Amino acid sequence: MSGAPLGYLTSNGARADATVPLTWFLVLLSSAVCLIIAYMLWRAVRRGRAVEAGLPAVARGVGGVRLIFIGLGISSLFLLVALGWTMIALGHVAPMPRRPEITIDVTAHQWWWQADYGGAVPSERFTTANEIHVPVGAKVLVRLHGGDVIHSFWVPKLTGKTDAIPGQVNLTWLEADEPGIYRGQCSEYCGLQHAHMGFEVVAESPREFAKWRAAQLQTAPPPVTPEQAEGLALMEYRCALCHTVRGTSAGSNVGPDLTHLMSRRLIAAGTYPNNRANLAGWIEDPQGAKPGAQMPPQHLTGPQLQAVVAYLETLE
């Protein structure tokens, strides 16, 4: 799978900053407990061998009860620290931002992510797929919707897991403190292609984000060459029942919005780099690339496939 690494042991945002250190603490604490238990088992095995050799199994007068109280005290102290730290972390991550700079509705489907950006008027609203752009330093409220089965929205470097459940809206939020590409992944098993249900959060400067948003509001440009015109006709005939390309007759929301397909780094929900070869392969045989994907093969001739790809490449 292509794309940025999940990086779930580092953080780059206010929400993840509150939980990643706690994760490290719990990992180290759990590791220490495992090592202590392993050491005690090792000592027990050695003592057993000593008994077999004729030595006493238990030596009296070594302060066993005292050791038990010491152990209880130490373990209780660490547990109280973990409990207190957890409550503090929850206090940072649980409250939703009262005045988020951006609100995005994210719908999880088998197996792709739909992102709807709102606006005061319809002309300011648009939909994209599998790639969520946010400005650096902005608190982003994410309203999660479940399109079919239960999924879970997870961007480890920016925010923790929140389920997307059909029939209800769950809220989460994120904030990126530096520009970058952050990998996201469905973390709730949702079917055959669950492992390939990825996405990316692209954090950029407010100016770059405004530029990206303005570009996304544009409709698709008309074809320039005869080959692109043929590709548009084929796309409207073959793909319009599932996909939207704004500015054409394709207007369904069953599959991803393709209006600015070529502005995305990856295709097939973060599975392959978005280039001509992968695009052609995906159109021709999506089941070969992702068995169980909802998109059927198109059975195009070679020239037809090239024409469709030539048109899609204009959707920047």
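Ala115 sits in strand S2 (residues 112–117) of this predicted model, where helices (H or I, at least four residues) and strands (E, at least two) are DSSP runs numbered from the N terminus. With a relative accessible area of 2%, Ala115 is buried; here buried means under 20% relative accessible area, exposed over 50% and partly exposed in between, with a 1.4 Å probe and protein chains only. Once its neighbours within four places in sequence are set aside, Ala115 touches Ile104, Asp105, Phe126, Thr127, Thr128 and Ile132, a contact being heavy atoms within 4.5 Å.

Residues are counted from 1 along each chain as its sequence is written, and side-chain values rest on heavy atoms, with hydrogens and water left out. Because the model is predicted, local features need pLDDT of at least 70 and side-chain atom pairs count only at pLDDT 80 or more, while totals for chains, interfaces and linings use all residues.

Strand S1 (residues 102–109) and S2 run antiparallel and are joined by 6 bridges, two strands being paired if DSSP finds at least two bridges between them. Within this pairing, Ala115 in S2 has Val106 opposite. Helix H3 (residues 206–216) packs on the sheet and touches S1, S2 and S3, its direction making about 105 degrees with that of S3; such angles run from 0 to 180 degrees between N-to-C directions, and axes are lines fitted to C-alpha atoms, for helices over the stretch in contact. The sheet itself is open, with 5 strands in the order S3-S2-S1-S5-S8 and mixed pairing. At its edges lie strand S3 (126–129) and S8, each of which pairs on one side only. From one strand to the next, the twist averages 25 degrees.

Strand S6 (residues 151–155) has 5 of its 5 residues buried, so S6 is largely enclosed by the rest of the structure. Cover is present on both faces of S6: on one side His151, Phe153 and Val155 are buried, and on the other Ser152 and Trp154 are buried too. S6 is joined by 4 bridges to strand S7 (residues 159–164), and the two run antiparallel. Val155 has Thr159 as its bridge partner in S7, and 3 residues lie between the two strands of this hairpin.

Turning to the helices, two packed helices are described by the angle between their axes and the distance between the axes. Helix H4 (residues 226–238) and helix H7 (residues 302–312) pack at about 95 degrees, and their axes are 7 Å apart. H4 and H7 are therefore roughly perpendicular to each other; on this scale, angles under 35 degrees are roughly parallel, over 145 roughly antiparallel, 65 to 115 roughly perpendicular and the rest oblique. On the H4 side, the residues in contact include Leu232, Leu234 and Met235, and these face a set in H7 that includes Ala307, Val308 and Tyr311. The residues of this contact divide into 7 nonpolar, 4 polar and 3 charged, where Ala, Val, Leu, Ile, Met, Phe, Trp, Tyr, Cys and Pro count as nonpolar, Asp, Glu, Lys and Arg as charged, and the others, Gly among them, as polar.

Side chains of opposite charge can pair when their charged atoms come close. The structure holds 5 salt bridges, each a side-chain nitrogen of Lys or Arg within 4 Å of a carboxyl oxygen of Asp or Glu. One of them joins Lys139 and Glu175, with 3.1 Å from N to O. This pair links distant parts of the chain, 36 residues apart: Lys139 is in the loop between strand S4 (131–135) and strand S5 (140–146), and Glu175 is in the loop between strand S8 (169–174) and strand S9 (180–185). Lys139 is partly exposed at 33% relative accessibility, whereas Glu175 is buried at 13%.

Another salt bridge pairs Glu200 with Arg265, their closest N and O atoms being 2.8 Å apart. Glu200 belongs to strand S10 (residues 198–204), while Arg265 is in the loop between H4 and strand S11 (266–267), 65 residues apart. Glu200 is buried at 2% relative accessibility, and Arg265 is partly exposed at 38%.
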